[in-house]
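Please view the sequence and the model below before turning to the notes.

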Amino acid sequence: MAPSEDQQQAHRPGVFKQKNKSHKHGKHRTKGEIGRENKGRVAVMALTKKQRREIKKMDRRHKANQLRQNKKDLVLTEKRRLGSKDGPPHLVVVVALHADVDAAAVTRMLRSEGAGGLVQEDQGVCGATDSFGMVLPRFKQRFIFHRPDPSDLHSLLDVAKIADSLVFVMEPTIGWDSYGEYCVSCLFAQGLPSHALVCQGVSDLALKKRADCKRLLAKQVESRFPDARLFPLDSDQDATLLLRHLGAQRQRRLGFRSRRPHLLAQRVAFTPNPPAQQGAPTTGLGTLQVSGYVRGRPMDVNRLVHIVGHGDFQLGQIDAPEDPLPIQATVRAAKPGRGGDVEMMDGGDGGGGVRVLMKADAGQRASLQAEAEVDPMDGEQTWPTEEELQDADDERKKKRVMRVPKGTSEYQAAWINEQEDGDEDDEDDESCDDDDEDDAEDMMEDDENESQDGGENGGGEEEGDDDDEEEEEELGSTDKGGVDQRYDATMDPVEEEDGLRRYREARAHQLFPDEIDTPVDVAAKTRFQRYRGLKSFRTSPWDPLENLPFDYSRIFQFQSFERTRRRVLAESAEEDEGAMVGWYVTLHVLDVPPSVLESFQQGRPLVLVSLLPHEQKMSVMHMLVRRHPSNTEPIKSKQELVFQCGFRRFRASPIFSQHTSADKHKMERFLRADAPTVVSVYAPITFPTAGVLVFKQRDNGMQDLVGTGTLLNCDPRRVVLKRIVLSGHPFKINRRSAVVRYMFFNRDDILWFKPVELRTKWGRRGHIKEALGTHGHMKCVFDSQLRSQDTVLMNLYKRVYPRWTYDPHVPLPLPWVKQEVEVDMSEIDME
């Protein structure tokens with residue numbers, strides 16, 4: 001059968017038939033054609049690729065090797081310069097870690113003729129007998145040894161900040177005592193330089209005990225100094241080995257001193273200033289001439305200098321006297337036939353005259369201004385202009401349009417705006433309320449006074465028989481009553497009462513964090529008018545420039561502290577003008593009180609530090625501090641403490657806050673022992689890094705280490721919020737609603753705090769619905785069923801600031817004494 005007409009048509013492919021691309025002939029463009037079309041324009045990818053300058057693997061390896069070699073050469077150069085003719089003498093500080101060791105015997109051994117050094121006297125603190133210079137011709141090195149008073153902790157810390165090496169003298173059997181452990185803790189906290197451990201008297205022990213003693217001592221040393229080497233020092237050969245080790249050991253770099261020029265005074269002179277007019281009284285100030293070796297960085301005459309423990313001053317000029325400890329002269333003097341060169345070492349500053357290196361320029365000299373100039377007229381009210389009146393009307397209309405909705409966030413925002421008018425009426429009460437002592441203290445004062453009055457009359461001696469009394473008089477009170485008398489004589493009743501009060505406060509804060517009682521006789525909206533509620537502590541906004549105190553007009557702040565810090569440190573690292581490192585110079589410090597000279601004459605070290613730009617200006621400094629394990633007493637916020645921050649030492653009243661990354665930080669009422677705490681104070685600006693030591697001064701003048709840490713930053717805009725918690729108890733519960741009492745005691749307070757959200761200790765959240773009656777009962781609604789054992793809480797917040805109690809003149813502490821009472825247990829009746 002013949003095919004039909006439809007079957008004779010061609011086959012039609014489906015939609016899935018493969019379709020190949022046609023050949024793109026004649027469409028290829030050369031690079032020249034592309035360049036002519038772009039007319040000089042370069043693609044973004046090509047441009048960024050050129051900027052990255054991608055190099056090959058071998059080139060990257062060569063570059064890394066060059067950077068490593070440059071750093072190695074820099075370290076070797078600094079190491080070889082220290083103690084040589086081109087650098088300052090190697091400063092070695094000898095520290096005794098036990099009361100029974102003799103550190104003076106160590107210095108006598110090092111300065112003996114058997115050690116091989118040429119000794120130059122009168123190097124270092126004026127009153128210190130064991131401060132001397134030494135030149136070792138065989139090693140071509142020079143040293144300055146200094147032995148501070150071990151009982152003066154501040155002097156020990158000051159000279160250890162600039163020491164190149166520390167020599168710890170230990171007892172051969174137990175190593176160090178409690179005070180030695182205390183000193184080592186302070187040195188570790190502020191930054192420990194290179195050190196060596198020395199022990200005398202090991203060779204005097206019996207041969208059998210010698211090995212055991214060395215093993216026990218090495219085990220104890222390993223806990224604190226895992227990489228240190230223990231050197232015996234019983235012969236001249238041991239002294240020579242110790243000197244060789246000190247001169248060749250690796251130096252530990254401390255950032256806070258390597259970035260700033262500093263100097264240890266070798267000689268000091270004082271010239272009083274002449275009176276401004278003839279017949280006018282003298283001011284008592286004068287020019288202090290301090291001679292010593294420049295260390296750290298080159299010293300600029302136009303920069304300010306800080307005398308540790310005395311304040312900031314300006315320089316007048318820098319002189320270059322003759323080096324009293326030349327290494328070349330002593331080397332030539334050691335050779336026969338050249339005895340005339342010995343006079344160069346003993347001549348001191350005399351003979352050759354003094355050459356003026358540089359004088360301060362009045363136009364470039366840094367200012368001593370520490371506080372910003374405050375214009376009292378800035379806060380005066382002037383007659384408003386038409387534009388200001390129109391803006392005020394517009395703002396008032398906007399506020400009238402904003403009605404309080406039922407939603408919590410908007411309602412709370414409107415409530416906060418209404419509170420601002422009430423704050424202005426209470427500016428007179430700011431002085432009394434700024435300290436913001438807890439109401440719990442006021443409530444507890446009566447109970448504490450009663451307990452203290454009752455405790456003062458207790459604790460008397462126990463009466464014994466007549467025979468025992470006669471025997472007590474004959475034996476000098478050797479029984480239990482005599483021991484009690486001697487023990488009570490070492491206690492301060494006032495300090496005991498103060499410690500009991502602080503302990504009770506800390507205990508109450510630990511059990512009930514931030515909870516206080518609402519006063520009955522004062523309206524809560526009046527007592528807590530400076531507090532506000534927050535919907536969320538993490539996300540609710542808080543303006544850092546709102547209602548700042550008057551002290552903030554006296555401080556300085558940076559737009560970006562971190563950017564300024566990097567710029568200042570980079571510029572100081574590139575400076576190569578001024579008195580170079582290793583030069584023996586005389587600094588003329590202007591307008592210095594005579595107390596600085598008196599301190600030097602009493603034997604305390606005099607340390608001068610050249611400040612970086614802005615480091616004399618006051619601001620709000622923050623430090624990250626941990627409480628020291630040896631401190632067991634509670635440290636309350638705004639309590640006056642002594643700080644050692646870098647080279648500075650001052651007194652201030654800080655506030656404590658949590659260390660978080662949020663924009664708001666909760667205030668801590670006490671220094672925590674289980675977590676690091678941020679300590680905020682008014683203090684001069686200091687660029688990190690720097691170690692921080694915190695001391696508490698007792699009433700008897702002694703100082704205890706309470707915390708150690710590091711400098712964090714400078715940020716006046718850090719918002720620290722103090723939280724108070726008002727508590728109430730559910731009276732009647734009906735599913736989600738409940739009647740709460742004891743949180744407020746009148747109807748007006750309930751209506752005032754109605755916008756603030758409520759929470760419970762078991763995690764429920766709610767709000768005040770209405771007030772019931774006039775005695776403080778209120779109806780509240782929660783998100784779920786409320787339990788009768790639960791407690792209803794309300795959180796209120798306000799911003800707090802440190803107290804301006806900055807004082808750079810810290811009194812010297814009394815010598816540290818371990819107070820112990822020897823008790824003969826055999827003479828005490830155990831019954």
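Helix 5 passes helix 6 in a right-handed crossing, a term used when the near helix is turned clockwise from the far one by less than a right angle, the left-handed case being anticlockwise. The model is predicted: local features need pLDDT of at least 70 and side-chain atom pairs count only at pLDDT 80 or more, while totals for chains, interfaces and linings use all residues. Residues are numbered from 1 along each chain as its sequence is written, and side-chain values use heavy atoms, with hydrogens and water left out.

**Helix 5 and helix 6**
- The axes of helix 5 (residues 153-161) and helix 6 (residues 178-190) come within 11 Å and cross at roughly 40°.
- That angle makes helix 5 oblique to helix 6.
- From helix 5, Leu153, Leu156, Leu157, Ala160 and Lys161 are in contact (heavy atoms within 4.5 Å) with Tyr179, Tyr182, Cys183, Cys186, Leu187 and Gln190 of helix 6.
- By class, the contact of helix 5 with helix 6 has 9 nonpolar, 1 polar and 1 charged residues; Ala, Val, Leu, Ile, Met, Phe, Trp, Tyr, Cys and Pro count as nonpolar, Asp, Glu, Lys and Arg as charged, and the others, Gly among them, as polar.

**Helix 3**
- Helix 3 (residues 57-81) has 25 residues and spans 36 Å from its first C-alpha to its last, close to the expected 36 Å, where the expected span is 1.5 Å times one less than the number of residues.

**Backbone exceptions**
- Most residues other than glycine have a negative phi, and most peptide bonds are trans.
- Asparagine 547 has a positive phi of about 50° although it is not a glycine, and it lies in the loop between helix 19 (524-527) and helix 20 (561-574).
- The peptide bond from proline 688 to threonine 689 is cis, with omega near 10°.
- Threonine 689 belongs to the loop between strand 23 and strand 24 (691-697).

**Confidence**
- The protein averages a pLDDT of 79, and 78% of the residues score at least 70; pLDDT is the predictor's confidence in each residue, from 0 to 100.
- Among the elements, helices (H or I, at least four residues) and strands (E, at least two) being DSSP runs numbered from the N terminus, helix 11 (residues 342-346) has the lowest mean pLDDT (34) and strand 23 (residues 677-684) the highest (95).
- Where pLDDT is low, the predicted coordinates should not be read in detail.

Methods. Axes fitted to C-alpha atoms, helices over the stretch in contact; angles between N-to-C directions. Parallel < 35°, antiparallel > 145°, perpendicular 65-115°, else oblique.
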